[in-house]
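Keep the picture open while you read, and try to find each spot yourself.

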Amino acid sequence: MKPDLFQAPDYYNLDELLTDEHKLVRDAAREWVKREVSPIIEDYAQKAEFPTQIIKGLAEIGAFGPYIPTEYGGAGLDQISYGLIMQLEIR
């Protein structure tokens with residue numbers, strides 16, 4: 001499998017609008033996607049199957065309801081963090 005070498009260009013300098021926490025969330029999600037999803041996703045797309053083994057990893061990076069408050073078991077992140085996580089997963 002080939003490594004994911006894609007680097008998303010920031011044409012509008014959106015990084016300047018993000019907090020350090022947002023960048024940390026984005027970078028962690030990006031690293032996970034590059035490590036766990038990118039190497040296998042083309043094969044699964046060709047087979048028209050969903051790689052169910054990534055579900056646990058998605059939960060571990062907080063992709064399921066990250067804006068749910070910590071007192072209810074969520075990560076307590078904001079909507080921007082959620083959007084950053086989702087943006088990386090659909091690439």
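Predicted model: local features only at pLDDT ≥ 70, side-chain atom pairs only at ≥ 80, totals over all residues.

**The overall picture**
- The protein chain has three helices and zero strands, so if you read from the N terminus on, the order is simply α-α-α.
- Along its principal axes, the C-alpha trace of the protein chain spans about 40 × 35 × 15 Å.
- The protein chain has 91 residues, and buried ones make up 26% of them.
- Take the contacts in the protein chain between residues at least 6 apart in sequence: 49% of these join residues at least 24 apart.

- N13 has a positive value, with phi near 55°, and you'll find N13 in the segment before α1.
- A48 also has a positive phi, near 55°, and A48 sits in the loop between α1 and α2.
- A48 counts as exposed because its relative accessibility is 71%, and the cut-off for exposed is over 50%.

- Start with H22, which is found in helix α1.
- H22 counts as buried, since its relative accessibility is 6% and buried means under 20%.
- Leave aside neighbours within four places in sequence, and H22 is in contact with D78, I80, S81 and L84.
- Now hop over to L84, which lies in helix α3 and counts as buried too, at 10% relative accessibility.
- Not counting residues up to four places away in sequence, L84 touches L18, H22 and R26.
- L84 and A8 are 76 residues apart along the chain, yet their C-alpha atoms are separated by 13 Å.

**Rings to look for**
- How many aromatic pairs does the structure hold? There is one aromatic pair, formed by Y67 and Y82.
- The Y67 and Y82 rings are edge-to-face, at 5.1 Å centre to centre with 85° between the planes.
- Y67 counts as partly exposed at 37% relative accessibility, and Y82 counts as partly exposed at 26%.
- For a ring with a charge over it, check Y44: the charged end of K47 sits over the Y44 ring, 4.4 Å from its centre.

**The second largest pocket**
- The second largest pocket holds about 280 Å³ of space.
- It is lined by 13 residues, and P9, D10, L14, D15 and Q87 are the closest to its centre.
- Which elements give two or more residues to the lining of the second largest pocket? They are α1 (20-47) and α3.
- The lining of the second largest pocket divides into seven nonpolar residues, one polar and five charged.

Key:
Residues numbered from 1 in each chain as written. Heavy atoms only, no water. Phe/Tyr/Trp six-rings, centres within 6.5 Å; stacked < 30°, edge-to-face > 60°. Buried < 20%, exposed > 50% of the residue type's maximum accessible area, 1.4 Å probe, protein only. Lys NZ or Arg CZ within 6 Å of the ring centre and 35° of its normal. 1 Å grid on protein atoms, 1.4 Å probe; cavity = no way out; pocket = protein on both sides within 12 Å on 5 of 7 lines; lining within 4 Å. Points joined across faces, edges and corners; volume = space filled by probe spheres on them. Helix = DSSP H or I, 4+ residues; strand = E, 2+ residues; numbered from the N terminus. Nonpolar A, V, L, I, M, F, W, Y, C, P; charged D, E, K, R; others polar. Contact = heavy atoms within 4.5 Å.
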